[in-house]
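Notebook open. I start with the chain as a whole, then turn to one pair of helices.

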Amino acid sequence: MEQLLIRHIIKTGNMARRCIDRQAQSAGIDFSGGHMGLFGYLAQNQGGEVYQKDLEQSFALARSTVSGILRNMEEAGLVRREAVAGDARLKRVVLTQKAHELHSWVEEEVGALETRVSQAFSPAEKLQFLDFLERAANHLHPYTDCHSGSHRPQEARGGRIEGGKDD
């Protein structure tokens, strides 16, 4: 059976990232669509304490994935990791001055992309679509072995749901 739903979700996300990549390139800005989600989260939580684990949990990404994205963002001069007093292992993730200067451009581009996609839906359809996506995400959340075909949450198989390596 063809898995159209997941394929279309992934395809749409890839298209959104490529749109941001093209806009950044044409504007001569060093920014990747792959940074978009984490950048937005960090910008929204300015002044607060944000750690890599927060990003992993908020975006349901593996530690190694977030680490790689943050490394790329550091190389692009968008974030820095600051040591936290009392725990040398813990690093707070902070936007740089360069990132703050890019923030309005990113908000404008993401807003334009949001508007473009939203035009495909009535306001009621948009709310319903968001509800569908949230339900799909909630349905996947308790499953950690996405490849097995098992439809039992990990806790029903004797495992933990949160706090695992890839949570």
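Entry 1, contacts along the chain. I am working from a predicted model. I looked up how far apart in sequence the contacting residues lie. Among contacts with a separation of 6 or more, 40% join residues 24 or more positions apart.

I checked the 167 residues of the chain for burial, and 27% of them are buried. I then took the accessible surface, which comes to about 11400 Å². Carbon and sulfur atoms hold 53% of that area.

I counted 6 helices and 2 strands. I read their order along the sequence as α-α-α-α-β-β-α-α.

I picked α1, residues 4-27, and α5, residues 97-118. How do their axes lie to each other, and at roughly what angle do they cross? I find that the axes come within 11 Å and cross at roughly 135°. Roughly antiparallel would need an angle over 145 degrees, so α1 and α5 count as oblique. I note the hand of the crossing as right-handed.

Which residues of α1 meet α5? From α1 I list Ala16, Cys19, Ile20, Gln23, Ala24 and Ala27. On the α5 side I list Trp105, Glu109, Val110 and Leu113. I sorted this contact by class and got 8 nonpolar, 1 polar and 1 charged residues.

Notes. Residues numbered from 1 in each chain as written. Predicted model: local features only at pLDDT ≥ 70, side-chain atom pairs only at ≥ 80, totals over all residues. Heavy atoms only, no water. Axes fitted to C-alpha atoms, helices over the stretch in contact; angles between N-to-C directions. Helix = DSSP H or I, 4+ residues; strand = E, 2+ residues; numbered from the N terminus. Parallel < 35°, antiparallel > 145°, perpendicular 65-115°, else oblique. Left-handed = near helix turned anticlockwise from the far one by under 90°. Contact = heavy atoms within 4.5 Å. Nonpolar A, V, L, I, M, F, W, Y, C, P; charged D, E, K, R; others polar. Buried < 20%, exposed > 50% of the residue type's maximum accessible area, 1.4 Å probe, protein only. Areas by Shrake-Rupley, 256 points an atom, 1.4 Å probe, with all protein chains shown as cover.
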